[in-house]
Amino acid sequence: MTQSHPRISKAVIPAAGLGTRFLPATKATPKEMLPVVDKPAIQYVVEEAVSAGLDDVLMITGRNKRPLEDHFDRNYELESALQKKGDAGRLAKVQESSDLATMHYVRQGDPRGLGHAVLCAAPHVGDEPFAVLLGDDLIDPRDPLLQRMIEVQEQHGGSVIALMEVDPEQIHLYGCAAVETTADSDVVKVTGLVEKPDAADAPSGYAVIGRYVLDPHVFGILRRTEPGRGGEIQLTDALQQLAQDEKVGGPVHGVVFKGRRYDTGDRGDYLRAIVRLACEREDLGPDFRTWLRSYVAEEMQQS
């Protein structure tokens with residue numbers, strides 16, 4: 001029999017990082033505002049939360065992150081100028097971001113890791129399960145990962161993390177989960193977690209990617225969690241405790257994702273994400289694909 005658990009309504013988006021891998025572009029511009037084609041990366045993430053039914057969004061920000069707030073606020077001067085020009089198309093795009101969700105903001109202060117950023121959400125979230133979406137991972141809207149994770153949490157309770165199988169030589173870049181199979185082919189039970197293990201020490205090939213649905217008991221654990229790898233408070237360490245003791249916060253399950261994910265966390269993957277998304281756009285794709293094929297053919301002839 002399916003259990004009844006509180007309905008998830010809130011999403012938390014940590015966005016306090018310095019974006020050092022994208023310097024000098026991020027010296028004065030938040031990395032979350034870097035455009036992916038013609039929308040900032042952060043808007044894709046908020047749209048994903050809203051499409052999953054989460055229209056109460058808390059963004060964890062830091063110094064020099066004011067443009068994030070401005071982007072999701074009204075810009076009356078710009079809207080007025082577009083109205084006077086009769087540019088209804090661009091006006092709709094400008095208003096879209098301010099109408100997406102009910103946005104809230106809190107500053108992290110000191111950059112003490114993802115676990116600390118999530119802990120900053122405790123006063124807003126209260127005693128409810130909630131989702132966490134990291135801005136470096138863009139999930140294609142045709143592959144509704146977050147909706148599936150919410151379904152699993154509503155069925156089993158506890159917490160749910162997103163997992164993706166990666167090559168062994170890449171596992172050291174991620175948190176890694178030890179898992180057991182369940183009756184559902186895309187769901188596993190998580191029995192342990194290790195933050196960025198060497199390939200030889202990894203308990204599986206399943207990497208934790210940037211989507212979580214968390215039980216509020218995680219806040220109490222995070223308050224007691226000492227800094228771990230990199231001197232930061234790791235969310236992985238708190239989830240490890242939840243996985244080992246189901247009496248506190250319920251079990252931890254993982255949804256194995258096999259869909260389209262665009263990693264904007266480093267420069268190369270960021271560029272590849274732009275190319276893929278541009279190729280799939282109805283308004284840009286045909287001409288862009290033609291140019292891209294021609295460019296690749298020329299490069300191959302010269303090499």
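The radius of gyration used here is taken over C-alpha atoms, and the globule rule is 2.2 Å times the number of residues to the power 0.38.

**View 1. The whole chain, to get your bearings.** Welcome to a predicted model, in which local features need pLDDT of at least 70, side-chain atom pairs count only at pLDDT 80 or more, and totals for chains, interfaces and linings use all residues. Residues are numbered from 1 along each chain as its sequence is written, and side-chain values use heavy atoms, with hydrogens and water left out. For 303 residues a compact globule would have a radius of gyration near 19 Å, and the chain agrees, with 20 Å. Its C-alpha atoms fill a box of roughly 60 × 50 × 40 Å along the principal axes. You can pick out 11 helices and 13 strands (DSSP runs numbered from the N terminus: helices are H or I, at least four residues; strands are E, at least two).

**View 2. The largest pocket.** Here is an open space of about 1500 Å³. On a 1 Å grid over the protein atoms alone, a pocket is an open set of points with protein on both sides within 12 Å along at least five of seven lines, whereas a cavity is a set where a 1.4 Å probe fits but cannot get out; lining residues have an atom within 4 Å of a point. Points are joined across faces, edges and corners, and a volume is the space filled by probe spheres set on them. The pocket has 50 lining residues, and R21, K31, L134, D136 and K196 lie nearest its centre. Strand β11 gives the largest share of this lining, 4 residues.

**View 3. The largest cavity.** By the rule used, there is 1 cavity of 30 Å³ or more, and the largest cavity holds about 110 Å³ of space. Look for F22, K31, E32, L34, A41, I42, G135, D136, T264 and Y270 around it. This lining has 5 nonpolar, 2 polar and 3 charged residues (Ala, Val, Leu, Ile, Met, Phe, Trp, Tyr, Cys and Pro count as nonpolar, Asp, Glu, Lys and Arg as charged, and the others, Gly among them, as polar).

**View 4. A closer look at T264.** T264 sits in the loop between β13 and α10. T264 counts as buried because its relative accessible area is 7%, and buried means under 20%, exposed over 50% and partly exposed in between (1.4 Å probe, protein chains only). Leaving aside residues up to four places away in sequence, T264 touches F22, V36, G135, D136, L138, Y270 and A273, where contact means heavy atoms within 4.5 Å.
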